[in-house]
Amino acid sequence: MTEPLVLGIETSCDETGIGIVRGRTLLSNTIASSMDEHARYGGVVPEVAARAHLEALQPAIEAALAEASVTLDDLDAIAVTSGPGLAGALMVGVGAAKGLAVSLDKPLYAVNHLVGHIAADIVTPDSEPLEYPTIALLVSGGHTSLLHVKDLTSDVELLGETIDDAAGEAFDKVARLLSLPYPGGPEIDRAAAGGDPKAIRFPRGLSKPQDMAKHRYDFSFSGLKTAVARWVERCETEGDPIPVADVAASFREAVVDVLVTKALAACADRGVPRLLLGGGVIANRRLREAALDRAAATGVTVRIPPLSLCTDNGAMIAALAADLIASGRRPSTLAFGADSTLPVTEIQVAEQQPEAAG
Amino acid sequence: MILAVDTSLGSAVALIDADGRARADASSPDPLGHAEVIGTLLHRALAEAGEGAVTHVIAGMGPGPFTGLRIGIATARAFALGRGAQVVPVPSHFAAALAVIETDAPESPFAIVTDARRREVAISLFDGVDADGIPNLLEPTVLVPRADADERLRGIHAIEVSTLDAAALARVGLRAANAGRDLAGAEPLYLRQPDVSVPGAPKRVS
Ligand SMILES: [Zn+2]
């Protein structure tokens, strides 16, 4: 096959993403977000997200086809996120992907969302091919994971992940503590402008020597969130005004410090001078700056796809499937479901058995 | 051919001819696992039906447990998009009612009852069919606590169903399409708001 034309469907959280790629060329990255509907609840509500996916899917598919100037009949394969993510949200995408694949009689690839974030890099326009191995730090409202990627389609190792809140969730919760709206990431960023990141020394989760033995590459943000809450409460009790800029800057610094420190530790320990960033929290400017500065100081090259490919999207799912096809993988069977805790080692789900000889 | 897909109870797929004759049927009574089986059922039903263009896709719009219900609707819409077929949304209870009418021909009103989880049932009252051959829905479908169902039904004969006949759904949808009638909107019959509340002030931690 020449470069396969693949349509990818992503519905693991609150973005309905439809992407179309031809091999490693991005043709459309169409995203319908239900973020505004979650704002009043202060976080993603799974049922609200699932309802929104069902509404958004068909218009998003049509918009993506129009943008890519291709028809459904032109497609070589359909790809869909099987997990990890919100089960009810994932199932809407799985249902649609199966309906489309059977309708068109095209192969279907069920793939891993987290590995999809890595694949976002390969369809980044005008970029050099991604070199392996690489360490990948994937940070969003739903996940915080550190991966060692030896090969995109066959060898991804989970080094560590959050043991409680995702980093994006921590931003949302601390924003609420400071009476800032949802989503918290950009609000904390705005509030932190002019603040002193060293004003308050908030704890760095799982960074003490006794934690490092077992959780060298794991993250924990719930203690940090509680520390911020205590600090804010003490101000209120004592009748002091809350120095919002300093609290926001110091909190953000604690999150960024842990993320970058652990990611660069993984680069050093594994002898991998490359770090790939992905996930919606990469939109945080301070995180990008800190990663670039500190990586440069240790000789690590950092790659950051454009933000539209960092947040959840269907293009990365299509891109992963296109690479699976290029590496000779068979399509998935129709007998897979949504797996909300799909391990990162399962890059593709339910690959067909080879045809019996003869 | 007319394809019908419903995951309001188990997972059910059927194909009928434009004259209403059954072509294929594939279903699973399992009230869970819709996402896992729907593609295989669809594939099997199409293979069994053989040659012929699918002109309409009838989507069962519930009521039913939301997570499962949505899967069939998503599948139906995507399938229709792929074939350039028309999507016809039909409340799932209409299929159960038509199946009852075709087998038992009840002479008085009857109720279709399905489990709605959380100790509630969904109830729709029907009385025969109208001029288009579509079951007559007497009043909008309601959710009531199971314990109150008898009182609500006031002695009306109730038929509780736990699986859905997709071929009957296809027949209702075909009749609605032929008559140019909309039996349901684009939104599933959720009959219940998402289970969330707007957060209050953060809880104190110290
Ligand atoms: Zn993600």
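Start by selecting A:H117: with a relative accessibility of 1%, this residue counts as buried (buried is under 20% relative accessible area, exposed over 50%, partly exposed in between, using a 1.4 Å probe and protein chains only). A:H117 sits in helix α4, residues 113–119 of chain A (helices are DSSP runs of H or I with at least four residues, numbered from the N terminus).

A quick note before you go on: this is a predicted model, where local features need pLDDT of at least 70, side-chain atom pairs count only at pLDDT 80 or more, and totals for chains, interfaces and linings use all residues. Residues are numbered from 1 along each chain as its sequence is written, chains are lettered from A and ligands numbered from 1 in the order written, and side-chain values use heavy atoms, with hydrogens and water left out.

Now show the zinc ion. Its protein donors are A:H113 (NE2), A:H117 (NE2), A:H143 (NE2) and A:D312 (OD), 2.1 to 2.2 Å away (donors are N, O and S atoms within 2.8 Å of the metal, or 3.2 Å for Na, K and Ca; water is not among the atoms, so sites may look incomplete). A:H113 lies in helix α4 and A:D312 in the loop between α11 and α12, so this pair ties together parts of chain A that are 199 residues apart in sequence.

Next, pick A:D312, which is buried at 10% relative accessible area. What is in contact with A:D312, beyond its neighbours within four places in sequence? Look for A:E10, A:S12, A:C13, A:E15, A:I31, A:H113, A:H117 and A:H143 (contact means heavy atoms within 4.5 Å).

How values were computed:
Helices (H or I, at least four residues) and strands (E, at least two) are DSSP runs, numbered from the N terminus.
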